[in-house]
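Please keep the sequence and the structure at hand while reading.

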Amino acid sequence: MKIERLSFAKRLSGYSEAAKLSERPAVAGRLIRMVGLTLEAEGLRASVGSRCRVISEEASGSTEVEAEVMGFAGDKLYLMPVGSLAGIAPGARVVPLPDAGRLPMGKGMLGRVLDGIGRPLDGLPPFAAEDWLSLDAPLINPLARQPIHEPLDVGIRAINGLLTVGRGQRIGLFAGSGVGKSVLLGMMTRFTEAEVIVVGLIGERGREVKEFIEHTLGAAGLSRAVVVASPADDAPLMRLRAAMYCTRVAEYFRDQGKNVLLLMDSLTRYAQAQREIALAIGEPPATKGYPPSVFAKIPQLVERAGNGAEGGGSITAFYTVLSEGDDQQDPIADATRAILDGHFVLSRRLAEEGHYPAIDIEASISRVMPLVVSPEHLQQAQRFKQMWSRYQQSRDLISVGAYVPGGDPETDLAIARQGLMKQYLHQGLNNSHGFADSVAPLGPLFAAPGQQPGNG
């Protein structure tokens, strides 16, 4: 009898361990104030970055909106909604959700168009998720990252030959509106040798999202791409999440050993979304109306791209940066230029002349090019830039007939080769130029007068 009693007590102790509550019961609060996009709640405890559900129950039915805790003051929590606040009434319940949220990942994302939380926008059923991961990936030790040591063929002759991009490099594409940045991104998605392309359309007009997918990207580009879109009419928090989600998707494929090309259009819209949130919760503006948190968020997002550990995959990232009125001293442009591995500037003057892609090679630079090309290639690219710059400096004199031939041999050579240089830099929308084909014409382009130059 005593043995049976001990056995029962032992079994009961095992059940008591399994029945222990793993976490405290969730305590719901209530909505006390809403100003603009900011929600104020009291009566609950939740950490910054955690998710809550705002539930408003009326006679006509209930309305639910997800929100994220962005800050607090005393017993009040400041929340920012993910979706529309239509139907939310005073006193609505605010219920904390059990985790920070996990988003679907898997190979089924290829060829799909998703929103900032992984829901399909293309009218197709949800893809089969192989993993559910949080938005924040583990940080990689900088010393554990594989160095950039090989070029990435993007199919654009001006970039391959003169501004060579390395696998794992992060590039800023600086441009005003209407100079062809979306077209250039679309060309890279179709022509690049990267295995997976992740495109983030953040804060763009809804019309442009569909046009980019159907016309610029095309069926061939979409087949190996994942498109994450959050148009301008989305809530600022959704735009932030979309930028983080497309970066997380790129990290997911990089961790599988893939070489990923990440294209985000645009980093400026991401910064503006963070500015809207920061100002709404009371953060003071600093540089030209941008609060300090904006300049902290940008490197946190950008630093997640790049190479993985030794022997793993890579993320080569292009971030478009909108220069207000083509002003390269815009605070966002200035901040991103300092933390990226190079910048390509698209010139409105070149675009107005019909010069596409309108890359201003004088104002552009790839900081890792010397590490991924041969000394001969680097010397030829520098020679091309010198000749192009020499012609641009004398352009006004040449156009009015004030330049006298024979005054400067270098300028004379630049004038003689100007047509070939323009031909080299021009590229049709549907024409792809591989890395080897881009480098080969550079050598004979500035051949001695008695030799026949190549035609590029």
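Pro357 is found in the loop between helix H9 (348-352) and strand S17 (365-366), where helices (H or I, at least four residues) and strands (E, at least two) are DSSP runs numbered from the N terminus. This is a predicted model, in which local features need pLDDT of at least 70 and side-chain atom pairs count only at pLDDT 80 or more, while totals for chains, interfaces and linings use all residues. Residues are numbered from 1 along each chain as its sequence is written, and side-chain values use heavy atoms, with hydrogens and water left out.

**Cis peptide bonds**
- The bond from Tyr356 to Pro357 is cis, with omega near -10°.
- A cis peptide bond also joins Asp265 and Ser266, with omega about 10°, and Ser266 lies in the loop between strand S13 (259-265) and helix H6 (267-280).

**Confidence**
- The mean pLDDT (the predictor's confidence in each residue, from 0 to 100) is 86 for the chain, and 90% of its residues reach 70 or more.
- Among the elements of the chain, helix H1 (residues 2-18) has the lowest mean pLDDT, 53, whereas helix H2 (residues 157-162) has the highest, 95.

**Barrel**
- A closed barrel of 6 strands runs S1-S2-S5-S4-S3-S6 with antiparallel pairing, two strands being paired if DSSP finds at least two bridges between them.
- Strand S2 (residues 38-42) and strand S5 (residues 76-81) run antiparallel and are joined by 3 bridges, and Glu40 stands opposite Tyr78 in S5.
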